[in-house]
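I opened this model to look up two things.

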There are 2 protein chains.
Amino acid sequence: MRKATIKDVAKIAGVSTSTVSRVLSGNTSISIATAEKVRYAAEKLGYIPNTAARCLRCDKSKSIGVVLPDISGEFYSLCASSILKYAHSAGYTVLFIESGNDLSSETEGVNILLQHGVDGMIFIGGGIDASLIQEISKEVSVVTGDRKVKNVPSVTFNNRVTVKKLTQSLYKSGFRKFLYLGESFNSFDNLSDRYAGFNDAINNYHDATAITILEDSLHGDKLSVSFELFENKISEIMPEVIITSNDLIAQGIISASYKCGIKIPEQIAVTGFDDMTSSAYYTPSVTTVRQDADKLSKICFNTLIDMIENKPVSSSEINQEIIIRESADIKEGTL
Amino acid sequence: MRKATIKDVAKIAGVSTSTVSRVLSGNTSISIATAEKVRYAAEKLGYIPNTAARCLRCDKSKSIGVVLPDISGEFYSLCASSILKYAHSAGYTVLFIESGNDLSSETEGVNILLQHGVDGMIFIGGGIDASLIQEISKEVSVVTGDRKVKNVPSVTFNNRVTVKKLTQSLYKSGFRKFLYLGESFNSFDNLSDRYAGFNDAINNYHDATAITILEDSLHGDKLSVSFELFENKISEIMPEVIITSNDLIAQGIISASYKCGIKIPEQIAVTGFDDMTSSAYYTPSVTTVRQDADKLSKICFNTLIDMIENKPVSSSEINQEIIIRESADIKEGTL
DNA sequence: ATGAATAATGCAATCGTTTGCATAATAATA
DNA sequence: TATTATTATGCAAACGATTGCATTATTCAT
């Protein structure tokens, strides 16, 4: 048998479809008796309102789009999970888009969202063309997470302050010869901010030395690259501490050093970024910076909903947390 | 200005809406000239077809629902990513639902999918009430992934065969005292299958000893549990090899043994399951079983689409791959 | 050139809701 | 009781697309 519609419910309950609609949405005055009848009929028929029809009529979909680089990344998947949670409990539905690498797949993805008439979009992380976001934000409510785009409300982490603090406490812990080893960046605010924070700290110390290595191929699982890098470059330099821009690099360094017979943290201290699950169980466990994905997601979502409901919104910044573990011995009280 | 509709396009192009529709869907005969005009008008207006309207009219949404325990799990997030990929390139949209723990959130999630009129659903992994799936499968096309439900097409891994093979090759590599350390199971086919495979192999050997420990609290990141377990129980037993039912347990064992001064793999060999990213970089790296999430997702999706299009479908099984690494020294040629 | 077949297009109904307006029923007030 | 507010309901028109049927324009064959 066909799926029950509001008409069927109306017929069974002996009222008009308007009444059924009103009972079910429950925001107008309805006599208790009819409400009862309607609810009974709906229940009996197993009536499920048709979202498409409602969406068409009301010109809003109660759905949002979420664009992120790849949903299988540890951080992003946590965001996905959180957003799903908040969205569902607010009666919203979520469409995810992986921006991937190329602009064309991005545009295509955004088009899917547009076609579906999402009420708003959240863009999380880099890798998505800024001008595209700008463009979209004129048509529909947009919030960016972990990234800033001009004239678009954003939710970001305080990377710069955190890395400055981290560097300072390493200095206070006695380290003097620093190596900053990070992914190269162009306009990725969070990466450049991390490096900026490093410099903020270093520039205050005249008895500290700092070298920087920025590499494109460091990210992802290309740890062998780190290994080479370690053998070729670091051995000449021999820093006392290596500050990296993500945990995978840090783990790569640790792994490489292990194979070269260099002891971590005894000979070289290493810090990461992201607090990946594996970092806690690594040997040695990785001193790193934790970013609260759930918090980011929550604020992004709430901000977006406020925008959709035409409430005033503003950007926000979330504090990161430095997690001290074995790979870098940060002295008590230096944070 | 309002978003352009098919009417606007029709007016600009000087044709009827029917014609516009036909041009854009491109499956009926249309003169080249009008097609040209229509396409030009659509382009000029930035026309984006309204999915809700189409969905309403055609009674299909070109969308599917995917229900999984949690989208942030490493394996599941890979599935999510893959499904997104295949779905989008087939013109489908995806709604994810986290089944979480309780039945109520499951039912709620499924309701969301029903309301949205998804054309089909994929249920991946355990934790979702089997009878609920049965129920749903009467209303809409359903495929299960990494799990079997009566009368529902499924895509599963050959857990039993794989673990049997793994056990056999460990035996052939010289191990005799086995410990199977896994999550306890009730109806989770994959877990019970793994254990069954272990027994399949062991039962053939009269000179091998096997102990089994099944624990509820082993899964997830409760590695301290493993640690306790290791100290209290295993030390009395002292197996030569430990076969675990997932990588986290294996890593926990490795980590615990390290702290107890037991050398792995020299004193005890350990195998995991899942081939998590971290397992490759662990020290020692973890011998494990890889399950191809992308393959699973692809077959699930294709099967579902076949069902939706009323083509005949059948269940399939995917071979797992044993990945030999440092934590368990499987001899060449024993596989 | 004339009728038959085919190709192009338009008309209008339809999908399932919601909602402004009108009306009927009820309650409050004078 | 007559009159006015208030509360409950129904009617019917949207929302934007698709599609069966009817119609017109075109092509083809004889």
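I looked for polar contacts across the interface of chain B and chain A and found four residue pairs, both residues at pLDDT 80 or more. A polar contact is a pair of N or O atoms within 3.5 Å; within protein, one must be able to donate a hydrogen and the other to accept it, and residues adjacent in sequence count only if both atoms are side-chain atoms. I then noted which residues make up the side of chain B that touches chain A: 20 are nonpolar, twelve polar and four charged. Here Ala, Val, Leu, Ile, Met, Phe, Trp, Tyr, Cys and Pro count as nonpolar, Asp, Glu, Lys and Arg as charged, and the others, Gly among them, as polar.

This is a predicted model, in which local features need pLDDT of at least 70 and side-chain atom pairs 80 or more, while totals for chains, interfaces and linings use all residues. Residues are numbered from 1 along each chain as written, chains are lettered from A and ligands numbered from 1 in the order written, and side-chain values use heavy atoms, without hydrogens and water.

Next I turned to DNA strand D. I found 26 residues around DNA strand D, counting a residue as near if one of its heavy atoms lies within 4 Å. Among the closest are Ser16(A) and Arg57(B). By class, this surface has nine nonpolar, twelve polar and five charged residues.

A polar side-chain atom of Ser18(B) is 3.2 Å from a base oxygen of DNA strand D. A polar backbone atom of Ala53(B) lies 3.2 Å from a base nitrogen, and one of Asn50(B) lies 3.0 Å from a phosphate oxygen.
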